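Please keep the structure open while reading.

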Amino acid sequence: MMNLRKELDQRGMAKVGEELHRFAADLYPICRSITGDGIRRTMAMIQARIPLQLSEVPTGTPVFDWTVPKEWNIRDAYIASSDGKRVADFRTCNLHVLNYSTPVHATMSLSELKPHLFTIPEHPDWVPYRTSYYKESWGFCLPHHQMLALEDGDYEVCIDSTLDDGHLTYGECYLPGQSTDEVLISCHACHPSLANDNLSGLTVATSLAQFLSGRDLRYSYRFLFIPGTIGAITWLARNRETVGHIRHGLVLTCIGDAGGFHYKKSRRGNAEIDRAAACVLNHCGESAETAEFSPYGYDERQYCSPGFNLPVGCLMRSIWGSCPEYHTSADDLDFIRPLQLAGSLRVCTAIVDVLENNRRYRNLSPYGEPQLGRRNLYCSTGGDTIATDINGRLWVLNFSDGEHSLLDIAERSGLSFSLISEAADLLYQNGLLSVVPDDGGGEKTLDEPTHDTLQHS
Ligand SMILES: [Zn+2]
């Protein structure tokens, strides 16, 4: 029985968290966008860790109601005062430039410049993150107090960028399992120096793929590292015929901050992924809430568009947009925390454990309770009260009628899925259960109960 979450725990959360945070720090300085060399460099760094197939989709390619845009690249950008001093410098912070700015090199007065400046008056020290992907424009983002300090006079404005025909880049990591049915894990990789919004999902997804690769898996796993919105739409347009393989899916975003978990359900609302995520979060030891689907958010918007209606939910910590740091320079490497990143990876592995282990069993001794004591399965490890693990065995035996899945039983009992799953494994090893196959074929039993499994129950 697969128990990834336990394996991860054995590695130690502090160590796992530091590794995740270090990878985020390596990716942080890159100026990413929805196209261009920033996202290519990011893909190359992910590719150094996991097998990643890259796709380059030409500018102008129609993708449903959208068109793949021109490719944007940038070398430098600044505003300089008349004495040559840079008052906003792309090289010190890539958020200073409006992402997708068209090239410009001109001298202009402050009043001409001002309509191109973006600030956050409520947080005068922070640089906002702004984009203009689908309307050609240029601009600069800077701390509000810095804008207020600009004196009248002429300014040299330079954005050394290119916006030309090129490609949209995305990366895909496919891990084949026993079934061609797939689990989709998707995260956006198009934000520049923003840590929680983009790098947290990216690093956790990469680690999850590393952790799963080389294993004997029930499902096949597909990890997508894509530019937000246009990337998901492009991927869906190019894979329209095969998305039916997706049985479960998760969008990972904003999962490194200090907040508790939020899981947003798929549009279907009762998909197995929705129930698996809720069940895991109920027992994860951190605060967690689940919310119904809404058509605003990250790429679950595309996967759950009515034409696809895929079973894809979204796992977050603080809900995007709910904290002031969202889309500002304050979403930096201090805003994401090693232990929270590790905790998010831990929840992801526990969700995978549910998907991999959730099946239906049949109690082979359904008339009265089978005598567990005779099989050494009624030993209470702590005190006089019935031990939780015995309780789990009784729940599994009672509801393994070929109809209820282990997830059904976990939900109904209020016990954790891992406890229910371990109980089922033990009972199966002792010849008390058969596996009901998904395809309606013959039920599988264990021929020879292996009694050595009793010891480490
Ligand atoms: Zn964002």
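Donors are N, O and S atoms within 2.8 Å of the metal, and water is not among the atoms, so a site may look incomplete. The model is a predicted one.

**Zinc site**

The zinc ion has protein donors from H191 (NE2), D197 (OD) and H327 (NE2), lying 2.1 Å from it. Along the sequence, the donor residues follow the spacing H-x5-D-x129-H. D197 belongs to helix α6 (residues 195-212), while H327 sits in the loop between β16 (312-316) and α10 (338-357), so this pair ties together parts that are 130 residues apart in sequence. D197 is also buried: its relative accessible area is 0%.

**Helix contacts**

Helix α12 (residues 406-413) takes part in a contact with α8 (residues 272-282). It also packs in a contact with α13 (residues 417-429). The table sets out the geometry.

| Helix pair | Axes come within | Crossing angle, roughly |
|---|---|---|
| α8 and α12 | 11 Å | 45 degrees |
| α12 and α13 | 9 Å | 125 degrees |

How are α8 and α12 oriented to each other? Angles from 65 to 115 degrees count as roughly perpendicular, and those under 35 as roughly parallel. At roughly 45 degrees, α8 and α12 are therefore oblique to each other. The crossing of α8 past α12 is left-handed. On the α8 side, the contact uses E272, R275, A276 and C279; on the α12 side it uses L407, D408, A410 and E411. These residues comprise four nonpolar, no polar and four charged.

For α12 and α13, the angle of roughly 125 degrees likewise makes the helices oblique. Here α12 passes α13 in a right-handed crossing. From α12 come L406, L407, I409, A410 and S413, which meet F417, I420, S421 and A424 of α13. This contact divides into seven nonpolar, two polar and no charged residues.

**A loop residue**

S132 lies between β7 (117-118) and β8 (140-141), in the loop. Is S132 buried or exposed? Buried means under 20% relative accessible area. S132 has 13%, so it is buried. Beyond its neighbours within four places in sequence, S132 contacts L98, N99, Y100 and S137. The C-alpha atoms of S132 and I34 are separated by 11 Å, with the two residues 98 apart along the chain.

Conventions:
Residues numbered from 1 in each chain as written. Predicted model: local features only at pLDDT ≥ 70, side-chain atom pairs only at ≥ 80, totals over all residues. Heavy atoms only, no water. Donors = N, O, S within 2.8 Å, 3.2 Å for Na, K, Ca; no water. Helix = DSSP H or I, 4+ residues; strand = E, 2+ residues; numbered from the N terminus. Buried < 20%, exposed > 50% of the residue type's maximum accessible area, 1.4 Å probe, protein only. Axes fitted to C-alpha atoms, helices over the stretch in contact; angles between N-to-C directions. Parallel < 35°, antiparallel > 145°, perpendicular 65-115°, else oblique. Left-handed = near helix turned anticlockwise from the far one by under 90°. Contact = heavy atoms within 4.5 Å. Nonpolar A, V, L, I, M, F, W, Y, C, P; charged D, E, K, R; others polar.
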